[in-house]
Amino acid sequence: MKTYPKILTIQDVSCVGQCSLTVALPILSACGVETCILPSAVLSTHTAFKNFTCRDLTDDMPVISAYWQKENIKFDAFYTGYLGSEKQIHFVTDIFKAHGKENSMTFVDPAMADNGKLYPAFDKAYADAMKPLCFHADVMLPNLTEACLLTDTPYQEIYEETYISEIIRKMHNAGANRIILTGISYTPETTGVVIADKNQMQYYQHKKLSQGSHGTGDVYASAFIGAYLHGQTIFEAARTAADYTVKCIENTLDDASHWYGVKFETALPDLITQLSR
Ligand code: PXL
């Protein structure tokens with residue numbers, strides 16, 4: 001029987017809200033990837049709700065890692081999403097070292113900003129601390145707002161290809177390896193993903209359904225990583241994840257009460273079909 005790499009994903013548990021671990025775990029599992037988790041915090045909901053609790057788990061992270069070291073637990077891949085603090089960014093780097101194998105892959109979604117703005121919990125110092133984590137990753141998955149913050153580029157809502165290629169160039173100059181840049185729109189009705197390594201830049205264009213549905217960054221990153229670890233090429237995985245995310249948004253659009261996330265469960269069969277082709 002074919003087995004896929006074992007991944008550790010480090011991000012928060014938002015108990016309600018369809019983002020971070022409650023999205024990553026089911027999507028990666030559906031892709032056949034054994035998924036281990038390290039929760040960075042437990043929130044009653046994600047931070048776009050009016051009121052929420054947050055229990056920070058920063059101090060638990062090194063303790064959990066120490067116990068894993070006693071068991072000699074190692075991972076083939078790591079995926080980080082929403083983290084709680086600068087201190088956690090540093091712990092994550094230690095965890096990569098302590099639990100990585102020689103060829104373990106790192107996927108980093110900065111998960112700190114969208115639509116031109118940082119999420120409420122973060123400031124510029126956090127965005128700056130995220131730079132080395134992103135630029136050392138094998139694959140970084142920022143949206144445009146995050147890519148602007150990581151390259152100290154003013155955010156623009158309307159732009160041409162040269163604006164995007166300059167941001168990509170700045171990230172590569174800063175050391176970035178492969179970059180999956182999401183939410184890049186050159187026309188009002190379409191959006192797309194830029195897939196860039198040091199030698200080439202490709203673009204996959206798809207339908208634009210609404211202005212920024214919540215949690216779609218986590219759905220996209222999880223599906224991309226799941227498809228990639230399942231054996232698709234980086235371009236195929238970027239396309240699979242885009243098609244899947246569009247379907248999730250489509251399946252949510254008729255339900256205004258579901259403003260806080262997308263119904264990613266409804267499209268899991270489509271994702272699995274894509275992978276078995
Ligand atoms: O990646 C989205 C996300 C994850 N976790 C928490 C969030 C958000 C976005 O707002 O608030 C806690």
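Let me start with the surroundings of the ligand, where D12, S14, C19, S20, L43, H46, T47, Y82, Y119, H214 and D218 stand around it, a residue being counted as near when one of its heavy atoms lies within 4 Å. What you see is a predicted model, in which local features need pLDDT of at least 70 and side-chain atom pairs count only at pLDDT 80 or more, while totals for chains, interfaces and linings use all residues. Residues are numbered from 1 along each chain as its sequence is written, and side-chain values use heavy atoms, with hydrogens and water left out.

By class, this shell holds four nonpolar, five polar and two charged residues, where Ala, Val, Leu, Ile, Met, Phe, Trp, Tyr, Cys and Pro count as nonpolar, Asp, Glu, Lys and Arg as charged, and the others, Gly among them, as polar.

Turning to individual atoms, a ligand nitrogen is 2.8 Å from an N or O atom in the side chain of D12, and a ligand oxygen is 3.0 Å from an N or O atom in the side chain of D218. For H214, a polar side-chain atom lies 3.4 Å from an oxygen atom of the ligand; a polar contact here is a pair of N or O atoms within 3.5 Å.

Now to M171: setting aside neighbours within four places in sequence, M171 is in contact, meaning heavy atoms within 4.5 Å, with F135, M140, P142, A147, T151, A176 and I179.

Terms used: Polar contact = N/O pair within 3.5 Å; in protein donor to acceptor, adjacent residues only side chain to side chain.
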